[in-house]
Amino acid sequence: MSLFDRNFYDFIVNPSPEDKDSIPGLAQQAKKYGYSGMALVNTQVTETDTENLPPDFSIYHAAGISCKQTKLRSEIQKHSKKNDIIIVMGGDELLNRAAVETPGLDILLQPGEFNHVHARFAHDNSITIGFDIGSLIRNRGDARIRELTTMRRNLIYVRKYDLPAILTANAATIYDLRAPREMAAIASLFGMTQKEASDAMSTTPLEILKTKSQDYVQNGIEVL
Amino acid sequence: MRILPVLRDKKRYLAFEVTSGQKIKRREFTNELHDSARSLFGDTGLSEMNPHLISYDGKYGIIRCTRDRTEETRAAIACINNSGGIPISTRVLGISGTIKGATEKFIQKMLVKEPEPENK
C-alpha cells in the first residue's frame, strides 16, 4: 500500500461568508484532490450547503481563536461545547505558552516563538502543532523565508518531543487547496519526510477526532 | 553535437492539471513556473532541475525535469498560486518516464473521466 492511499483530512479551511457556493465548491475541489473530509473554521453551515456536498465527504466544525493570552482559557471553554475542533492561531511567546498549558486545546497553528518548554507542555496536554503550508504557497521572498525557518525549527521540537503534527493548506478559496502529494512535496522543503507528511494529513486528524468521541476517556482508556 | 545515450540526463515527465477561473496562456504559465522554481531553489537549483514545459493546452500539460529532482519540481509546481492576478491551483496527476506514458496513463484518463458529470 502506498503512503498516499489513505483518507486525508484538511482541518483548517476558511470559506468566505459572502460567497454562497463557497462551502460546496471547496468540498468538491477537496474531494477531487483526494480528501475525505475538512473542518470549517468559524463558519455556519446552512442546509443548502449540506445538500450540495459530495457523497462520502465529511464536514467538521472548528473554532479558530486568536485573542490575548489572558482571555484564552475562557474563549476555549466557551467554544469547546459547540465545535469539534479547537484551533489557536499561534502568535507571540506568551500566547503560545498560554495555549500549550490549556488541556482542552487541539491544534496550535504555526507558533512563531516556540521552545522546549512549550514543547514539553504541548506533549503533556497532547496538543497538535499545525504547519501552515498555505503561507508557503501564498508568500514570496522574505516572508516565505521566515515561515520556512519557523517550520523547520518547529519540526525539530515535534521530532524531539514526539508531538503530533498536522499539515493544512489554510484555504479560503478553491485555488488555495493542494492535493496531499503536493502538500508533502512542499513539506519536504523544510525537512519533513513523506511518511511524516502523510501521517500529518491522515493519522493525526483521525486521532484528534477519536479523542472527541463519547467513548473516549483519556489517552489509552476507552469505554467498550 | 550528439550526446552519448549513457551520458544523457535521466528524465521524468510530470502530467499536471491547472484549475483557474480564466484560461492561462502557455507563455504566462511558463513564466510562473520558472518564477516559482527560481524563488524556491535559486538559479543553481533551477539548473539542476531543468524544468521544461513540453505541452500545455490551458488545462492539462506535461513538464519535463531531471529524474533526481522530481519532488522539487512537484513543490515548484504546487507553489504557483496566481498568474497575472488570476488565482490558479495546480495538481500533478502522475509521473512517467516517457511522454507517451504520461499522456496515455494520466491525461487521457482524465479526459475520459470528465464528460461523465455532464451526462448526468
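A salt bridge is taken here as a side-chain nitrogen of Lys or Arg within 4 Å of a carboxyl oxygen of Asp or Glu. The model is predicted, so local features are given at pLDDT of at least 70 and side-chain atom pairs at pLDDT 80 or more, while totals for chains, interfaces and linings use all residues. Residues are numbered from 1 along each chain as its sequence is written, chains are lettered from A in the order in which they are written, and side-chain values use heavy atoms, with hydrogens and water left out.

Over all chains, the structure holds 15 salt bridges. One of them joins the side chains of D176(A) and R138(A), at 3.9 Å from N to O. D176(A) lies in the loop between β7 (165–168) and α8 (180–187) of chain A, and R138(A) lies in helix α6 (residues 133–138) of that chain, so the pair ties together parts that are 38 residues apart in sequence. Helices (H or I, at least four residues) and strands (E, at least two) are DSSP runs, numbered from the N terminus. Exposure is classed by relative accessible area with a 1.4 Å probe, on protein chains only: buried means under 20%, exposed over 50%, and partly exposed in between. D176(A) is buried, at 18%, and R138(A) is partly exposed, at 36%.

Chain B has salt bridges of its own. R38(B) pairs with D43(B), their closest N and O atoms being 3.1 Å apart. In this pair R38(B) is partly exposed, with a relative accessible area of 47%, and D43(B) is exposed, with 52%. A salt bridge also forms between the side chains of R69(B) and E48(B), at 2.9 Å from N to O. This pair links distant parts of the chain, 21 residues apart: R69(B) is in the loop between β3 (60–66) and α2 of chain B, and E48(B) is in helix α1 of chain B. Both partners are partly exposed, R69(B) at 25% relative accessibility and E48(B) at 40%. Elsewhere, salt bridges that share partners join K32(A), E17(B), K59(B) and R91(B) into one network.

The two chains meet in an interface. Contact, meaning heavy atoms within 4.5 Å, involves 21 residues of chain B and 19 residues of chain A. The size of an interface is often given as the accessible area lost when the parts come together. Here the buried area, the accessible area (1.4 Å probe) that two parts lose on being put together, summed over both, is about 1,800 Å² between chain B and chain A, and carbon and sulfur atoms give 52% of it. Two salt bridges are counted between the chains. In one of these, the side chains of K32(A) and E17(B) meet at 3.1 Å, N to O.

Polar contacts are pairs of N or O atoms within 3.5 Å; within protein, one atom must be able to donate a hydrogen and the other to accept it, and residues adjacent in sequence count only if both atoms are side-chain atoms. Between chain B and chain A, 14 residue pairs are in polar contact, with both residues at pLDDT 80 or more. On the side of chain B that touches chain A, at least two residues each come from β1 (11–20), α1 (26–49), α2 (70–78) and β5 (86–96) of chain B. The largest share, six residues, comes from β5(B). This side of chain B divides into nine nonpolar, eight polar and four charged residues; Ala, Val, Leu, Ile, Met, Phe, Trp, Tyr, Cys and Pro count as nonpolar, Asp, Glu, Lys and Arg as charged, and the others, Gly among them, as polar.

S39(B) lies in helix α1 of chain B and is partly exposed, at 36% relative accessibility. Leaving aside neighbours within four places in sequence, S39(B) is in contact with R140(A) and R144(A). The side chains of S39(B) and R144(A) make a polar contact at 2.4 Å. S39(B) and A76(B) are 37 residues apart in sequence and 8.8 Å apart in space, C-alpha to C-alpha.

A76(B) is among the buried residues of α2(B), a helix that is mostly covered, with seven of its nine residues buried. The elements that cover these buried residues include α6 and α8 of chain A, together with β1, α1, β3 and β5 of chain B. In helix α1 (residues 22–32) of chain A, the buried residues include I23(A), L26(A) and A30(A). The buried residues of α1(A) pack against β1 (8–13), β2 (35–41) and α2 (47–51) of chain A, and against β1 and β5 of chain B. Just after α1(A), G34(A) takes a positive phi of about 100°.
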